[in-house]
Every structure is written in structure tokens, then in C-alpha cells.
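This report describes one protein chain for a reader who is new to structural analysis. Please keep the sequence and the model in view while reading.

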Amino acid sequence: MNNKVAKAKKRMVTDHPYFAVRLHRFAFRADETVTQTMATDGKSLFFNSPWVETLTVAETAGVLAHECMHVNNGHHLRRGTRDQKEWNIACDQAINGILRKAGFVLPAGGVFPEPGRENWSAERHFAANQKAAEDEPGKQPGDQPGDQPGNQPGNEQAESGAESEQPEGDPSDGQSSNDDGE
């Protein structure tokens, strides 16, 4: 296991015990095909060691928690026929706002929910992103307010990101679509 991943797991025992316990369900696997991120299939957690080395221990813990949230929330089970990349962006929006509120540090370039949408489910984010893309030609799902079309922060991670297409495993936030204050 990567040294920084091991340090992040140890730090989570005292700082975020819920997530530390959840991490024990995963087999950790270095995988250089998972570019600039981590990913999960619900059983294993795959990480790109050179990418992890660019992170702080706190950011590594944030990404580990992020992957736990995908599994805990069943994102890989809830996708249905939705586009994988766009679903992943919506799931990231649902997760990252929660993690930020919980005090986690996430790497720069991640996808976050718009203000007031921190408690939305992945399904609700997905629908809002789709509507915004329909209403504003050139706007991509997950674009943040004020972004140039197609240049959302975290686009690289959305493509290969924390819930990458590599292993199928985009778990969701587990919240219902009618939750208005995540």
C-alpha cells in the first residue's frame, strides 16, 4: 500500500472514525491506469500512486472518504441508463459538499455543488445539470456558475476521477431527491 494512503487511513481513525471503519471493507490496489485519481468498484479501492504522491495526507484522506461515500450511497447501483461521466459529476456534487462541511480537505479542481444545493441527491444534481445544459447551449453538466462553457473545475477528475470509469463503482449520496438542505 502507498505510504501516504496508509498515513491518511491512520489519521482518519482519530479525525473521522466512521470513514476509517468503512475503509476496512476495501482491498487497496495500486493501479496506474486510474489516472490522477482514485476509483472503486465497491470492493476494491484503486489508486494511482504517482498522483497520490502529489497530494497532502489531508487531501488523500479526503479522497478516501470521497470513495467511501460513493459506495455507501450506492452510486454504482443507482446510475441506471444515465451517462456515466455526467452521473459521476452529479455524484461528486452530492458528495463533495458533504465532505467539505465535515471538515475534509479535497484536492483542487474537484466538482462541488452550487450554493444552496449542498444537500441534494445525485439524482437531483443530475437533473439540474441536464436542464442547465439544455437551457444554455454550450454549457456542460457540472459547470459551476461563472465558468466558461466546458471548463468546469474538476473536469479531469470527472473523466478519470475519484469515481472513474475504470472500475465500475460510483456509489451515491444515499439521500432522496426531495432533500433540500443537504
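Is D135 buried, partly exposed or exposed? With a relative accessible area of 49%, D135 is partly exposed.

The model is a predicted one, in which local features need pLDDT of at least 70 and side-chain atom pairs count only at pLDDT 80 or more, while totals for chains, interfaces and linings use all residues. Residues are numbered from 1 along each chain as its sequence is written, and side-chain values use heavy atoms, with hydrogens and water left out.

## Overall architecture

The protein contains eight helices and three strands. Both kinds of element are DSSP runs numbered from the N terminus, helices being H or I with at least four residues and strands being E with at least two. Read from the N terminus, the order of the elements is α-α-β-β-β-α-α-α-α-α-α. The protein has 182 residues, and 54% of them count as buried. Contact means heavy atoms within 4.5 Å. Among contacts between residues at least 6 apart in sequence, 68% join residues at least 24 apart.

## Packing of α1 and α4

Two packed helices are described by the angle between their axes and the distance between the axes. Helix α1 (residues 3–15) packs with helix α4 (residues 57–72) at an angle of about 75°, and their axes are 8 Å apart. Helix α1 is therefore roughly perpendicular to α4. Here the axes are lines fitted to C-alpha atoms, for helices over the stretch in contact, and angles run from 0 to 180 degrees between N-to-C directions. Angles under 35 degrees count as roughly parallel, over 145 as roughly antiparallel, 65 to 115 as roughly perpendicular, and the rest as oblique.

On the α1 side, the contact is made by K4, V5, K7, A8, K9, R11 and M12. On the α4 side, V57, A58, T60, A61, L64 and A65 take part. Sorted by class, the contact has eight nonpolar, one polar and four charged residues. In this sorting, Ala, Val, Leu, Ile, Met, Phe, Trp, Tyr, Cys and Pro count as nonpolar, Asp, Glu, Lys and Arg as charged, and the others, Gly among them, as polar.

M12 is found in helix α1. What is the relative accessibility of M12? The value is 1%, so M12 counts as buried. Apart from neighbours within four places in sequence, M12 is in contact with P17, F19, A20, L23, A61, L64, A65 and F104. M12 and L23 are 11 residues apart in sequence, and their C-alpha atoms are 9.5 Å apart in space.

Two of these contacts of M12, F19 and F104, also belong to an aromatic cluster with Y18. The model has three aromatic pairs. Rings of Phe, Tyr and Trp (its six-membered ring) pair if their centres lie within 6.5 Å; planes under 30 degrees apart count as stacked, over 60 as edge-to-face and the rest as tilted. The rings of Y18 and F19 have centres 5.2 Å apart and planes at 85°, so this pair is edge-to-face. F19 counts as buried, at 10% relative accessibility.

## Salt bridges

A salt bridge is a side-chain nitrogen of Lys or Arg within 4 Å of a carboxyl oxygen of Asp or Glu. The count comes to four, including those in the table.

| Salt bridge | Closest N and O atoms |
|---|---|
| R78 and E123 | 2.4 Å |
| R117 and E114 | 3.6 Å |
| D135 and K131 | 2.9 Å |

R78 counts as partly exposed at 21% relative accessibility, whereas E123 is buried at 18%. D135 and K131 both lie in helix α7, four residues apart, about one turn of the helix. R117 counts as partly exposed, at 24% relative accessibility.

## Two further residues

Q36 lies in the loop between β1 (27–30) and β2 (38–40). Phi of Q36 is near 45°, a positive value in a residue other than glycine. Q36 counts as partly exposed, at 46% relative accessibility.

N96 is located in helix α6 (residues 84–101). N96 is buried, with a relative accessible area of 5%. Not counting residues up to four places away in sequence, N96 touches H66, L106, V111 and F112.

Definitions and conventions. Buried means under 20% relative accessible area, exposed over 50%, partly exposed in between (1.4 Å probe, protein chains only).
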